[in-house]
Amino acid sequence: MPDDKAPPLRILIIEDEPIIALDLQDTLTEAGFTVVGVVGRLDMALELISSTIFDAAIVDANLAGVSASPAALALVLRGLPFIVLSGYSRGQQQDEFAGAPFIQKPCRPAHIVQALRDIVAQP
């Protein structure tokens, strides 16, 4: 049972498809998370990773044809957990994504919510 006194978890969404990004934002907000930012470009993602306080991220592995692996590396260097959300298979991912939980699109919103709770709860 979650601690009702704990502040909501702060999540960064890195997703280039606007409809998917908005759906993720709505899903997370309804589940009690705080979405600190939604970005669809690598440069913007790197800026927010370096300048924003958050607890975890959702990262689309491919941002409009550009690998998001530099964002994954930046998250790892900051010690921040993240989920890889992609239409590509796990085997098609670059090494920077290897240590993160992987969810293939399309997926159930509840699966993403649970995965976020799981990665933030890990020591």
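**Conventions.** I call a crossing left-handed if the near helix is turned anticlockwise from the far one by less than a right angle, and right-handed if clockwise. Helices (H or I, at least four residues) and strands (E, at least two) are DSSP runs, numbered from the N terminus. The model is predicted, so local features need pLDDT of at least 70 and side-chain atom pairs pLDDT 80 or more, while totals for chains, interfaces and linings use all residues. Residues are numbered from 1 along each chain as its sequence is written, and side-chain values use heavy atoms, without hydrogens and water.

**H1 and H4.** I first looked up helix H1 (residues 18-30) against helix H4 (residues 109-121). Their axes come within 10 Å and cross at roughly 60°. Axes here are lines fitted to C-alpha atoms, for helices over the stretch in contact, and angles run from 0 to 180 degrees between N-to-C directions. H1 is therefore oblique to H4. The classes are: under 35 degrees roughly parallel, over 145 roughly antiparallel, 65 to 115 roughly perpendicular, the rest oblique. The crossing of H1 past H4 is right-handed. I then listed the contacts (heavy atoms within 4.5 Å). H1 brings Leu24, Thr27 and Leu28; H4 brings Pro109, Ile112, Val113 and Leu116. By class, I get 6 nonpolar, 1 polar and no charged residues. Nonpolar covers Ala, Val, Leu, Ile, Met, Phe, Trp, Tyr, Cys and Pro; charged covers Asp, Glu, Lys and Arg; the others, Gly among them, are polar.

**H2 and H3.** Next I took helix H2 (residues 42-51) and helix H3 (residues 69-78). The axes come within 9 Å and cross at roughly 5°. That angle makes H2 roughly parallel to H3. H2 contributes Leu42, Ala45, Leu46, Ile49 and Ser50, and H3 contributes Pro70, Ala71, Ala74, Leu75 and Arg78. I find 8 nonpolar, 1 polar and 1 charged residues in this contact.

**Val36.** Where does Val36 sit? I place it in strand S2 (residues 34-39). Val36 counts as partly exposed because its relative accessibility is 29%. Buried means under 20% relative accessible area, exposed over 50%, partly exposed in between (1.4 Å probe, protein chains only). Beyond its neighbours within four places in sequence, Val36 touches Arg10, Ile11, Leu12, Thr52, Ile53 and Phe54.

**Whole protein.** I count 4 helices and 7 strands. From the N terminus, the order is β-α-β-α-β-β-β-α-β-β-α. Of the 123 residues, 39% are buried. Among contacts with a separation of 6 or more, 62% join residues 24 or more positions apart.
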